[in-house]
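Please open the model in your viewer and keep the sequence panel beside it, as the stops below are given by residue number.

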Amino acid sequence: MLPTTSLNSRSQGNGALSPRDAARHTAGAKRYKYLRRLFHFRQMDFEFALWQMLYLFTSPQRVYRNFHYRKQTKDQWARDDPAFLVLLSIWLCVSTVGFGFVLDMGFFETIKLLLWVVFIDCVGVGLLIATLMWFISNKYLVKQQNRDYDVEWGYAFDVHLNAFYPLLVILHFIQLFFINYVIISDSVIGYFVGNTLWLIAIGYYIYVTFLGYSALPFLKNTAILLYPFALLIMLYLISLACGWNFTKMLCSFYKYRVK
């Protein structure tokens, strides 16, 4: 789960890590500790995870400043507490059930939709995006003078989860209150409201992702991660001009997938 590895961190006098420290700071050891805590709810800090979820909306910079604090105190950037992942899973379940209710799906259709949202929309797409960002950041964004550092794949996936949460709440919760009565209508206001929510949700995803990588001091030129904003705004304007309704297309796609 460590986003960085350093040849000089916690070294002995001869410049090498002690066997005990080396074993304790491997990605495998961190991953094992993280997964083990999934079965010990009393060890999870749900209050702090809720704090992070709140500030991912209002001030995501504060969330990543806390990542800096974790690096200084625990020598790792990524979360060592699975409480955020547990709460995100609950949000996925609740919002998907709400989506199924709004789309008038049956019990088994809602279960199919839930499996699709969890394993395809969140995990599957997240694996692809995290792998792509891991490759790009290590290949093109690491500073030349800091070749001892690299972005670990686990941190890239952690950033995806941070960015995915606001998108999930906007598209799978807030949007539910407008789907049947406003968005899926054939009126101009319908696709304007729906597409604007998509613009805000994906914009949040891009911005929170940018903050995640710009928080790593050994990366350079992270501002390029904001460039997709230009494509996003262009696509938004084209959709309004052509009358495309992204939410209506999503609802039709979901209904097709659960048949």
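What is the volume of the largest pocket? The largest pocket has a volume of about 860 Å³, where a pocket is an open set of points on a 1 Å grid over the protein atoms alone, fitting a 1.4 Å probe, with protein on both sides within 12 Å along at least five of seven lines. This is a predicted model, in which local features need pLDDT of at least 70 and side-chain atom pairs count only at pLDDT 80 or more, while totals for linings use all residues. Residues are numbered from 1 along each chain, and side-chain values use heavy atoms, without hydrogens or water.

Select Val125, Ile129, Leu167, Ile202 and Tyr205, which are the closest to the pocket centre among its 31 lining residues (lining means an atom within 4 Å of a point).

Next, colour Tyr64, Phe99, Tyr155, Phe164, Tyr213, Leu219 and Tyr254, which have the most contacts inside the largest nonpolar core, a set of 63 residues (buried, under 20% relative accessible area with a 1.4 Å probe, and joined through side-chain atoms within 4.5 Å). To this core α7 gives the most, with 13 residues.

Centre on Leu219, which touches Ser137, Leu141, Val142, Lys143, Val151 and Tyr213, leaving aside residues up to four places away in sequence (contact means heavy atoms within 4.5 Å).

Finally, select 83-102, one of the ranges that the unreviewed UniProt entry annotates as "transmembrane region"; this stretch is 100% helix, with its end C-alpha atoms 29 Å apart.

Key
Buried means under 20% relative accessible area, exposed over 50%, partly exposed in between (1.4 Å probe, protein chains only). Helices (H or I, at least four residues) and strands (E, at least two) are DSSP runs, numbered from the N terminus. UniProt positions are given in the numbering used here, feature names are shortened, and annotations may be inferred rather than shown by experiment. Grid points are joined across faces, edges and corners, and a volume is the space filled by probe spheres set on the points.
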